[in-house]
Structure formats: structure tokens, C-alpha cells
2 protein chains.
Amino acid sequence: MYLSTGGAYTIGMTGAPGSGKSTLTDKLIGLLRGSGNEVGVLAIDPSSPFSGGAILGDRVRMQDHATDEGVFIRSMATRGHLGGLSLATPQAVRILDAAGKPWIIIETVGVGQVEVEVAGAADTTVVVVNPRWGDGVQANKAGLLEIADVLVVNKADREGAADTVRDLQVMLELAGERDWRPPIVETVATDSRGIDDLWRAILDHRAHLEADGRLERRRDARLRDELRAIVHERLRAGAEERCSGERFDQLVEKVAARKLDPYAAADELLQI
Amino acid sequence: MYLSTGGAYTIGMTGAPGSGKSTLTDKLIGLLRGSGNEVGVLAIDPSSPFSGGAILGDRVRMQDHATDEGVFIRSMATRGHLGGLSLATPQAVRILDAAGKPWIIIETVGVGQVEVEVAGAADTTVVVVNPRWGDGVQANKAGLLEIADVLVVNKADREGAADTVRDLQVMLELAGERDWRPPIVETVATDSRGIDDLWRAILDHRAHLEADGRLERRRDARLRDELRAIVHERLRAGAEERCSGERFDQLVEKVAARKLDPYAAADELLQI
């Protein structure tokens, strides 16, 4: 399966619950389908039981596209396992990729470390905020500005949108010189306003990455991280196995009886 | 060295910076020395550079005992490495143990997860709070009540001491039935008030643990945790080694070129 992948371009969508990520994703799907493109969506569900209602609503909304064969939606639960999710996400993306979808949107709910990490592991990462006092600052605190390739102020028809844009601009200035300055796009997803601008910003970022080998370098770095994570996970599982069962109990007994020191016992466990 | 250890009894002291842990430790040292007992002290320094001043003060105070050969003080920096410290602490305790100190006080500064874990890995854990609105609640939040075998309200001559004692009692009630109910001792460490009560509470807890094999079971559980941590650490170090160097780079290249999938590459790395 893996060997037939690599054709897809991934877009990460993240932001606080209620910011409108799902509606934006929905509109992007509509835009892509309208121009004849197929699209895969990987929806990362949060582990929190408290936001269950909101997500159900989002998912139902996305079901507009459920009967469309050009759209392939997969859901994944985080369950709070950082290691687990960082391994599972690239595999899930590959399934969508191998299914021939040229565009894959990874949508995360919530802004925890797990979600930030997952959304940040896309080719282009879109961070969604709303016009609210301090919303920009919150995004900064959560580490969202660092991973943002495109910033969206959604619900831009609400009071304070201009202030939020300005806040984000100031924070981007303070973050210093980068080889790509994330554009700030104002949208009203529910009215489909600004969706074309958002799409153009994504295409601009893609063109920037493709211009001088940056995309390949970025994907290489992700592969290195993934390979590292797989090796760590396998060794961790091996450690769990060694640290259970009769042999382990016997060695603990010997150490407790001062017949063996703990480091020598560890050596014996590792030699099995 | 290890084989000649096991004679020492360890006391963990933890609580927020400024709560008076060091002064209490100092007074306990004085009490032990007064009755002819030798004592080892393991002082765990915090990784935060901000509290440097306070600690220096504490250490200087403890130097009262620096010229006393019956007192052996060792300092250790946390540097934020949870794994590192949870491995280093039992080894440092063993050095004091092998030096023939029958009593070892492990004093931590700060109430982070690392400090709680280290102090909780003693035979008797003493948690120090002050009479302040909400101090008891803070202790509960930090997970301190869970690890406490003895609770101390230090600076008990200040306003609100009775309220804090009551708060702690309520929280202990809510925590439910345990085989040992932590006594609450009021002290004014700077005036040496309540130190005898604290010592009696520690001895009571020791007697409780020794009465029916609980102490051995508790130490066995700690040994199991330590052995597990050593095995994990060795495998982690092995993983780091495998995920660097030329071989790793070659495999990443192969994976990037879709000649190999990431899981097969991990297998190859693990077979080295």
C-alpha cells in the first residue's frame, strides 16, 4: 500500500472547538468537488467526553458529502495517546492517499498538544480563530501560531474582527523573520464568504513549498520523526513484555534479597 | 555497594517553596543527632532557575550540620528529567545507606510532579503546608494528599491554622478509607515547636508499616518500579542510538523514495 502513495497533498485544519473548522472544511470540500477534485478527510476526534455533542453536529454536517464517492471521510479517536496518534495519523493519511485522493484534509477538534502536533504534520497547516478579545493570544499560547502556514479569522462579520487581525499581525511580527509569512484570511464560513481567499492562500503556500525543494525536505523530516516514533514504540512494547511475568518476579525477589543489584537485574532482563 | 544496603529508613519531605521544609528538616536532624543517631540528607534541587535564591538560603541553613560527621548531606539537581531523577534518587539513597546512616531524609524543593514522585518514594512521606486560605486545597490538587503519610501544618502560630487543619481533615475524609490515616501535626519550625510531635508521627507510621510486612511490600513495589525504569531507560537509549547515524539516514532515503515502507525500515533498524 505504502509504495503506491505520495501523490496526495495534505492540509491540516486546527483551532478551538466552535471556531468553525468543520464548516470551513465542508466549504473547502464543496469548492474542491466543484472543480472536479476528489478529496479525503481525516477527522481526529477528541478524547474528551464533554465535547461529544458538538462533534456529532460537525460530523452530521459533513455527511452532506457522505453519498459523494469523490469524498472519502475517515474518523479517528485520539484517546489521549500521543504516541499512538502520531503513529496512526500518517498511516490513515496513506490509506486516503492510496485511494487516489489528491487532496487530504486532516481536521482536528480541540487545541491540545496532540491536535497541534497532528495538524502541524500536514503540508499546509490552517489555524482558525474567531474575533474575540484575546483569541489571538490564546492561539499563540497554544503554540498554534508556530505551526500556522495560513491563519483564518472566521466569523469575520462579528465585532472585533479587525482587532483580531491586527493582534495576529503583531504576534507574527514579534515571532520574527521566517521564510514564509502566514497570510491572514477573513472568512464567514456559514455564508461561504472568503473561502476562495482561503483556497488561494493554501495554493500560494503549496507553490512556495514546491518552488525550491522545501516540500520534500518537510516530508523527509516528517518521515524521520515517524520512523523514530515506530522504533521507540516497538522498543517500549518490548520493555513492557520484559517487565512482566515470572522471570521479572524472580529477579525482583533476588534484588529485594540483596543477591543482585537492580542494574545487574536489568541487564539479565535485557539479555533474554 | 548495593549488597550492603537496606538498613536505612527513608523519610520524604515535600511541600511548596517557603513552607518551611528545610527548617523542619534541620530540626529533625538536630533531634536525631541529639539522641545519638546518624542521618543522611538528600536535597533535591529544583530545575527552575528562578528559585535559586531561596534554595541557597536553605542550603546555607543546613550547613549548620556541615561540620558534623554524623550528618551526610548530598545535593542533586532535577533538571526536569523525570526518568533521570527517578533512577538517580534510589542510587543516591543507597550511597547514604551504604555509608551506614540509619535515617535518610529526602527533601524536595517545589511541588512539581517530579518532586511529588521522588518524595512519595520514601518509606514515610511528610507533606508540609502552611495556614493560608486554600493551601490545603492546593496540596490536594498537586497530588500531595495522596502520597502523604504525615501532614504538617507549619507556621501554625499564624492566623488560619485551625481552618487549614479542618480543611485537611475534610479532604482526608473525602479521600475515603485507607489502612493508614495520616495524622495532622501542627508545628512552628523556627521555634522548634511541634518537632517532637512530628517525630512521634513518623515513628508511629514506621511502626504501622513494620507491623505486618507492609514495609517490605512497599519497598518491593518500589524496586519493581525502579527495575522497570532501568529497563525502559536502557531501551530508550538504544532507540536513540539506532535513530541516528548513516544507517538511519539511508533507510529514511529509501522510505522517502517509496522503496521501503516505514514499518519495514523500523524492523531493519531493530535487527541491527
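1. Two strands pair if DSSP finds at least two bridges between them. Keep that in mind as you look at chain B of this predicted model: strand E1 (residues 9-15) of chain B is joined to E4(B) by five bridges, and the two strands run parallel. Within this pair, B:Met13 stands opposite B:Glu107 of E4(B). Strand E4 (residues 103-108) of chain B is mostly covered, with five of its six residues buried.

2. Now turn to chain A and find A:Ala8, in the segment before strand E1 (9-15) of chain A. Is A:Ala8 buried or exposed? A:Ala8 counts as buried, because 21 C-beta neighbours lie inside 10 Å and the cut-off for a buried residue is 20 or more. Leaving aside neighbours within four places in sequence, the contacts of A:Ala8 are A:Leu96, A:Asp97, A:Lys101, A:Pro102, A:Trp103 and A:Ile104.

3. Two residues of chain A deserve a look at their backbone angles. A:Lys155 has a phi near 60°, a positive value in a residue other than glycine. Its place is the loop between strand E6 (150-154) and helix H7 (161-175) of chain A. A:Ser192 is not a glycine either, and its phi is also positive, at about 60°. You will find A:Ser192 in the loop between strand E7 (184-187) and helix H8 (195-211) of chain A. How many C-beta neighbours does each have inside 10 Å? A:Lys155 has 23 other C-beta atoms within 10 Å and is buried, whereas A:Ser192 has 14 and counts as partly exposed.

4. H9(A) has 29 residues and reaches 42 Å from its first C-alpha to its last, close to the 42 Å expected at 1.5 Å a residue. Its buried residues include A:Leu227, A:Ile230, A:Val231 and A:Leu235, but also the charged A:Glu226 and A:Arg242.

5. Next, how do the two chains meet? In the model, 30 residues of chain B are in contact with 30 residues of chain A. Helices H9 (214-242), H10 (246-256) and H11 (262-271) of chain B each supply at least two residues to the side of chain B that touches chain A. H9(B) gives the most, with 14 residues. By class, that side of chain B has 19 nonpolar, three polar and eight charged residues.

6. Finally, a word on confidence. Chain A averages a pLDDT of 84, and 86% of the residues score at least 70. Among the elements of chain A, E7(A) has the highest mean pLDDT (98) and helix H2 (residues 52-62) the lowest (46). Over residues 47-58 of chain A the pLDDT is below 50, and this stretch has 13 contacts in the model beyond near neighbours in sequence. For the complex, the predictor gives an ipTM of 0.75 and a pTM of 0.66.

Notes. Residues are numbered from 1 along each chain as its sequence is written. Chains are lettered from A and ligands numbered from 1 in the order in which they are written. This is a predicted model: local features need pLDDT of at least 70, side-chain atom pairs count only at pLDDT 80 or more; totals for chains, interfaces and linings use all residues. Two residues are in contact if their C-beta atoms, placed from the backbone, lie within 7 Å. Helices (H or I, at least four residues) and strands (E, at least two) are DSSP runs, numbered from the N terminus. A residue is buried if 20 or more other C-beta atoms lie within 10 Å of its own, exposed if 12 or fewer, and partly exposed in between; C-beta atoms are placed from the backbone. The expected span of a helix is 1.5 Å times one less than its number of residues. pLDDT is the predictor's confidence in each residue, from 0 to 100.
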